[in-house]
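User: Please guide me through this structure by question and answer.

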Amino acid sequence: MQYMTNSGIWGSVFAVPTAVVDRHLKLAGSVQLKALLWVLRQGGASFSDTELADALGVSPADARDALSYWQETGVLQFSAAAQKETPAQPQSPPSPVPAKETAPVVSQPPKQLFPPLPRPERPDPVFVSKRLEEDESLHCMMLDAEQILGRTLSSSDLSALLLIHDNYGLPVDVIIMLIQYAASSGKGNMRYIEKVALNWADEGITTHVQAEERLQQLTNLNRAWSTIQKAMGLPKRAPTEREKKYADSWVLQWHFSPDMLKIAYDRCVDAIGSFRAGYINKILERWHREGIAAPEQAAAENDRHRQTRSEEEKPSFDLDAYERDSMLKFTGGNR
């Protein structure tokens, strides 16, 4: 097959710097490359980020993010439009203030404050580009991340992943495992990925085996909470930290079935009128301690409890005899 160029379109052309192809073709994302071509096509005319966003079909934030990449790499230079100056209002001359004696001001030494520990700064796009050029494994990691997340990584995403690798100490394979888990859980945003990565770094999870163990724990915990939601008819939502601990105890450690979870939930609602995880935990904790693991055992335990309460509330006197004696006194004695 032979290919030919359409010579008619060459009547209007614009130049593209060779550095874009030589150094940035593999590093820049598709949105960044499209943004550069659109800007070069303007021939130096001014434009807004909204116009660029409309031309690319992206949000204004993504458009600004794409422009910042080319600005920080030195390919493009932008100047902000001059703001309109508000005309100065004429002011009346200040009225003279009578001079009065004032006590000399004694300067106090500034208080010594302890600033918070600095957090690692995100690497800028220029440094990211240099690191990806130097380390092929990092470049492959970024490509794999795009494929897993199903989107083009912004320069902010690239900086976050490089921060996780260089500052948090997570190797490439562990980062990929984390991204796969986040995407499969419907949390494929970089804020969640960076938060989990920081927790892993604090806990010393830096190997493939350790990451597998932690991901298995998270998967089991998610399934345990899903079991509780279905058994108790709770709306789908993320559990709180305390609820995560309850899910671990109720399902993973004490091995209560959905039927037992439903019975405990019903007793909680009957007693206090709403779902209270702490109240349910007291019930399940007692059942676990007393070896109650089946609905029949729970029913028998409930019957015993009711019988005990009934005996405790029984009057200590014979009500019928009292009423009979009172009636005899009222009528004047025995007949």
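User: Which residues of α13 do the residues of α12 meet?

Analyst: Helices are DSSP runs of H or I with at least four residues, numbered from the N terminus, and contact means heavy atoms within 4.5 Å. The model is predicted, with pLDDT of at least 70 needed for local features and 80 or more for side-chain atom pairs, while totals for chains, interfaces and linings use all residues. Residues are numbered from 1 along each chain, and side-chain values use heavy atoms, without hydrogens or water. From α12, Met260, Leu261, Ile263, Ala264, Tyr265, Arg267, Cys268, Ala271 and Ile272 meet, in α13, Tyr279, Ile280, Ile283, Leu284, Arg286 and Trp287.

User: How many nonpolar residues does the contact of α12 with α13 have?

Analyst: Ala, Val, Leu, Ile, Met, Phe, Trp, Tyr, Cys and Pro count as nonpolar, Asp, Glu, Lys and Arg as charged, and the others, Gly among them, as polar. This contact of α12 with α13 has 2 charged residues, no polar ones, and a nonpolar count of 13.

User: Are α12 and α13 parallel or oblique?

Analyst: Axes are lines fitted to C-alpha atoms, for helices over the stretch in contact, and angles run from 0 to 180 degrees between N-to-C directions. Helices α12 (residues 258–272) and α13 (residues 277–290) pack at about 130°, with axes 9 Å apart. Angles under 35 degrees are roughly parallel, over 145 roughly antiparallel, 65 to 115 roughly perpendicular and the rest oblique. Therefore α12 is, relative to α13, oblique.

User: At roughly what angle do the axes of α10 and α12 cross?

Analyst: The axes of α10 and α12 come within 8 Å of each other, and their crossing angle is roughly 55°.

User: Which residues of α12 make the contact with α10?

Analyst: On the α10 side, the contact is made by Thr227, Ile228, Ala231 and Met232. Their partners in α12 are Pro258, Leu261, Lys262 and Tyr265.

User: How many nonpolar residues does the contact of α10 with α12 have?

Analyst: The contact of α10 with α12 has 1 polar and 1 charged residue. Its nonpolar count is 6.

Conventions: Helices (H or I, at least four residues) and strands (E, at least two) are DSSP runs, numbered from the N terminus.
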